[in-house]
Amino acid sequence: MSVPESKYLSPVWRDGIFKDRVVFVTGGAGTICSMQTRALVRLGADACIIGRSVEKTEAAAKDIATVRAGAKVLGIGGCDVRKAESLQAAADRCAKELGGIDFVIAGAAGNFVAPIEGLSSNAFKTVMDIDVLGTFNTVKATMPHLMRSASPRIIYVSATFHYTGMPMQAHVSAAKSAVDSLMASVALEYGPRGVTSNVIAPGGIADTEGMARLGSGEEAERAGYVKGIPSGRLGTVRDVADATVFLFSDAGSYVNGQVLAVDGAAWRRQGAI
Ligand code: HXC
């Protein structure tokens, strides 16, 4: 897939700022996380992306590697963040093959739109397991490697649903609250050891699986959703990638324990994504 650079990276960033850095990304084949990874790799990082589907993950890794000559991008499929051992094996393999882990993006998430009466306890638990336990497993598996890095950073990809609650998203709202809380505990516990731990909370991002599932996109335009966003537009994957570059760059080194909503102030206006 050929993606013009302007789609995932602002021209303000400089070549090579992430040279010799390695990023480990769960859910790295997904629309948002693959663009975050693409931006970091373009700016010098090597990357390891993790996913459940072998085919999708390996294809995404190959594709991301094309953004910079000499980039190393490892795709590890068949890895479920709910299974601590498989994640640990992936983190160890990443460190062995790429020389360490400096940055982590905990991006793997599960979602579907369902009313509470349509949610079985297993359905609720499934999303809690992927989002919350999966994020915890990611932190645990990568922390020994992060402890050896000169600039250890973690970003969790969360959401804004839970600030107000959201119909048809009770499971996700509960899970993302827990992810935000875990982020804060990691910031306090590992801040003294040099780790920064922050959440990026995307709002409605155009052309993503999430927006498609919510039945938004063009429909949202028609329904006036976009008009209600104070910044006057849906977000782009580049908006999220740029926030990621900032938090992982030297410019972001004192930002710790924070939630950075990349949503054009949407949730403040309408409490929605
Ligand atoms: C009600 C549902 C359901 C639905 C699944 N379940 N889909 N319940 N409505 N639409 C129930 C199942 O019936 C089952 O419960 C339980 O959930 C587990 O389902 P499985 O299919 O066995 O689980 P699994 O194979 O582990 O798949 C997990 C998944 C799936 C979350 C259900 O959608 C998935 O793999 N998603 C990963 C990708 C993803 O969701 N990406 C979107 C991220 S976007 P029972 O009781 O029958 O056993 C994002 C941004 C927000 O997060 C976007 C806003 C929408």
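Select Lys125 to begin: with a relative accessibility of 46%, Lys125 counts as partly exposed. That label covers the range between buried (under 20% relative accessible area) and exposed (over 50%), using a 1.4 Å probe and the protein chains only. The areas themselves come from the Shrake-Rupley method with that 1.4 Å probe, and for residues only the protein chains shown count as cover.

Before moving on, keep in mind that this is a predicted model: local features need pLDDT of at least 70, side-chain atom pairs count only at pLDDT 80 or more, and totals for chains, interfaces and linings use all residues. Residues are numbered from 1 along each chain as its sequence is written, and side-chain values use heavy atoms, with hydrogens and water left out.

**Stop 1: salt bridges**

Helices (H or I, at least four residues) and strands (E, at least two) are DSSP runs, numbered from the N terminus.

Zoom in on Glu5 and Arg42, whose closest N and O atoms are 2.7 Å apart. Glu5 is in the segment before strand S1 (22-26) and Arg42 in helix H1 (residues 31-42), so this bridge ties together parts 37 residues apart in sequence. Glu5 counts as partly exposed at 36% relative accessibility, while Arg42, at 18%, counts as buried.

Next, pick Arg68 and Asp46: another salt bridge, with 3.4 Å between the closest N and O atoms. This pair also links distant parts of the chain, 22 residues apart: Arg68 is in the loop between helix H2 (54-64) and strand S3 (73-76), and Asp46 is in strand S2 (residues 46-50). Arg68 is partly exposed at 21%, and Asp46 is buried at 16%. Show every such bridge and the count comes to 11.

**Stop 2: the ligand**

Which residues come nearest to the ligand? Out of 19 around it, they are Arg52, Arg82, Asn111, Ser120 and Asn122.

- Ser120, at 2.5 Å
- Asn122, at 2.9 Å
- Arg82, at 3.0 Å

Taken alone, the ligand exposes 1,100 Å², of which the protein buries 59%. Now colour by element: H4 and helix H6 (209-213) are the ones that give two or more residues to the shell, with H4 giving the most, 4 residues. By residue class, the shell splits into 7 nonpolar, 8 polar and 4 charged. Here Ala, Val, Leu, Ile, Met, Phe, Trp, Tyr, Cys and Pro count as nonpolar, Asp, Glu, Lys and Arg as charged, and the others, Gly among them, as polar.

**Stop 3: the nonpolar core**

Select Phe18, Val23, Leu40, Ile105 and Phe248. These have the most contacts inside the largest nonpolar core, which has 37 residues. Such a core is a set of buried Ala, Val, Leu, Ile, Met, Phe, Trp, Tyr and Cys residues joined through side-chain atoms within 4.5 Å. Elements giving two or more residues to this core are S1, H1, S2, H2, S4, strand S5 (153-157) and helix H8 (237-248). H8 gives the most, with 7 residues.

**Stop 4**

Go to Ser151, in the loop between H4 and S5. Ser151 is buried, at 8%, and its side chain is joined to that of Arg21 by a polar contact of 3.0 Å.

Then try Glu117, in the loop between strand S4 (103-106) and helix H4 (121-146). Glu117 counts as exposed at 78%.

For the last stop, check phi. Most residues other than glycine have a negative phi. Asp20, in the segment before S1, has a positive one, near 70°, and counts as exposed at 61%. Asp207 has a positive phi near 60°; look for Asp207 in the loop between strand S6 (196-202) and H6, where it is exposed at 74%.

Note on methods. A residue is near a molecule or strand if one of its heavy atoms lies within 4 Å of it. A polar contact is a pair of N or O atoms within 3.5 Å; within protein, one must be able to donate a hydrogen and the other to accept it, and residues adjacent in sequence count only if both atoms are side-chain atoms. A salt bridge is a side-chain nitrogen of Lys or Arg within 4 Å of a carboxyl oxygen of Asp or Glu.
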